[in-house]
Amino acid sequence: MNKGKTLLAQVLEFIPKYEFDKLVDKYKGNYKAQEFSCWEQYICMSFAQLTGRESLRDIETCLHTVSNKLYHCGIKSKVAKSTLAYWNETRDWRIYAELAQLLIATARPLYKGDNDFLKDLDASVYAFDSTTIDLCLTLFPWAKFRKTKAAIKAHTLLDLQGNIPAWLFITDGSVHDVNALDVLPIEAGAYYVMDKGYVDFKRLYTIHQASAFWITRAKDNFSYTRQYSKTVDKEVGIICDQIGVLKRESAYQNYPEKIRRIKYYDSISQVTYIFITNNMLLSASMVAALYKQRWQVELFFKWIKQHLKIKSFFGTSRNAVYTQIWIAVSVYVLIAIIKKNLKSEHSLYTLLQKLSVCIFEKIPIQQAFKEIELQKAETTIANQLNLF
């Protein structure tokens with residue numbers, strides 16, 4: 001890397017600028033924009049995500065403080081709160097959504113094989129769930145949820161190989177989780193792990209017909225006719241492993257194929273779970289273990305809500321909100337790509353924290369992340385306690 005470049009400029013080099021420009025042309029993002037291009041908007045909003053800015057005024061003030069360094073980062077126009085607000089409201093959010101998808105396509109192969117538990121499973125494994133982001137009804141009247149409350153939902157398909165979001169779909173809070181299955185992209189041979197809120201046998205049958213596998217938990221009113229049972233190993237917590245069909249006629253019409261029912265006792269939490277799946281070949285303990293991996297999507301939601309700006313927004317329109325969320329996702333994936341390219345063993349959080357305080361330092365990015373390792377080593381051999 002060029003030692004004369006800031007860390008922000010070096011981070012942005014991992015984005016395929018040619019592909020970004022094609023997206024801008026596709027959605028006419030720079031139409032009638034004599035200054036402050038889409039690229040400049042993306043840089044400013046990414047800076048806000050990387051450094052945890054609280055408002056547009058906060059972004060403007062911080063960037064004005066380092067105005068002599070902005071040109072070489074790609075910001076050639078004057079950064080003003082009103083300019084940022086206007087373009088967040090008017091520029092098509094799909095530019096940044098498709099950019100995030102491009103980065104996801106780059107990141108996923110880098111993390112293939114990282115999950116040791118899934119190495120022996122020659123298939124993609126996804127966890128599917130949604131997270132609700134509460135909003136003020138007065139400021140966001142378009143985000144319908146309840147009579148006195150507004151919200152949006154981010155329906156996320158997480159690739160469990162590297163905890164990279166493979167697909168994301170944003171809706172109003174009033175949209176039930178199960179409806180997201182109607183637009184979920186299905187990959188033949190893949191495993192889709194979901195909680196029992198997604199039990200809709202007509203939709204699950206669509207996944208089955210696409211030659212994919214689903215794993216979920218049975219609802220309390222699950223009605224089932226057992227046809228035969230498999231031999232189980234009760235020492236690992238498997239109580240029963242049954243093959244059968246749905247008992248109710250209406251449900252059977254929606255799903256006329258066999259379903260596997262596994263009853264499992266978790267000795268750690270001392271809770272009994274009932275899993276259902278259309279996969280007849282995996283061991284019962286493996287089905288239970290795959291469902292346990294679903295918790296990774298909850299950790300992903302927790303991480304992005306804690307470390308990125310997706311709980312409070314810089315604009316109130318649908319376009320501004322969607323723009324901010326997709327740029328946040330792209331920043332998450334971008335840091336994941338950098339982590340792999342630099343072969344860093346540190347967490348995304350550690351790398352993000354380092355960037356947040358050194359974003360305009362003119363040091364090679366490898367050196368910046370190497371210093372983390374040195375600091376960690378010094379902390380390990382220190383003879384006195386550190387307050388921070």
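What volume does the largest cavity have? The largest cavity has a volume of about 90 Å³, in a structure that holds two cavities of 30 Å³ or more. This is a predicted model, in which local features need pLDDT of at least 70, side-chain atom pairs count only at pLDDT 80 or more, and totals for chains, interfaces and linings use all residues. Residues are numbered from 1 along each chain as its sequence is written, and side-chain values use heavy atoms, with hydrogens and water left out.

**The largest cavity**

- A cavity is a set of points, on a 1 Å grid over the protein atoms alone, where a 1.4 Å probe fits but cannot get out; lining residues have an atom within 4 Å of a point.
- A volume is the space filled by probe spheres set on the points, which are joined across faces, edges and corners.
- Of the 13 residues that line the largest cavity, L168, I304, I310, I325 and V329 are the closest to its centre.
- At least two lining residues each come from strand 1 (125-135), strand 3 (149-159), helix 10 (295-307) and helix 11 (318-341); helices (H or I, at least four residues) and strands (E, at least two) are DSSP runs, numbered from the N terminus.
- Helix 11 gives the largest share of this lining, four residues.
- The lining of the largest cavity has 11 nonpolar, two polar and no charged residues, where Ala, Val, Leu, Ile, Met, Phe, Trp, Tyr, Cys and Pro count as nonpolar, Asp, Glu, Lys and Arg as charged, and the others, Gly among them, as polar.

**The second largest cavity**

- The second largest cavity holds about 40 Å³ of space.
- Its lining consists of L8, V11, L12, S46, L50, V331, L334 and I335, with seven nonpolar, one polar and no charged residues.
- Helix 1 (7-12), helix 3 (38-51) and helix 11 each supply at least two residues of the lining of the second largest cavity.

**Helix 11 and helix 12**

- Helix 11 packs against helix 12 (residues 348-358) at an angle of about 100°, with the axes 10 Å apart.
- Axes are lines fitted to C-alpha atoms, for helices over the stretch in contact, and angles run from 0 to 180 degrees between N-to-C directions.
- Helix 11 is therefore roughly perpendicular to helix 12, a term for angles of 65 to 115 degrees.
- Y332, I335, A336 and K339 of helix 11 meet L348, L351 and L355 of helix 12; contact means heavy atoms within 4.5 Å.

Methods: 1 Å grid on protein atoms, 1.4 Å probe; cavity = no way out; pocket = protein on both sides within 12 Å on 5 of 7 lines; lining within 4 Å. Parallel < 35°, antiparallel > 145°, perpendicular 65-115°, else oblique.
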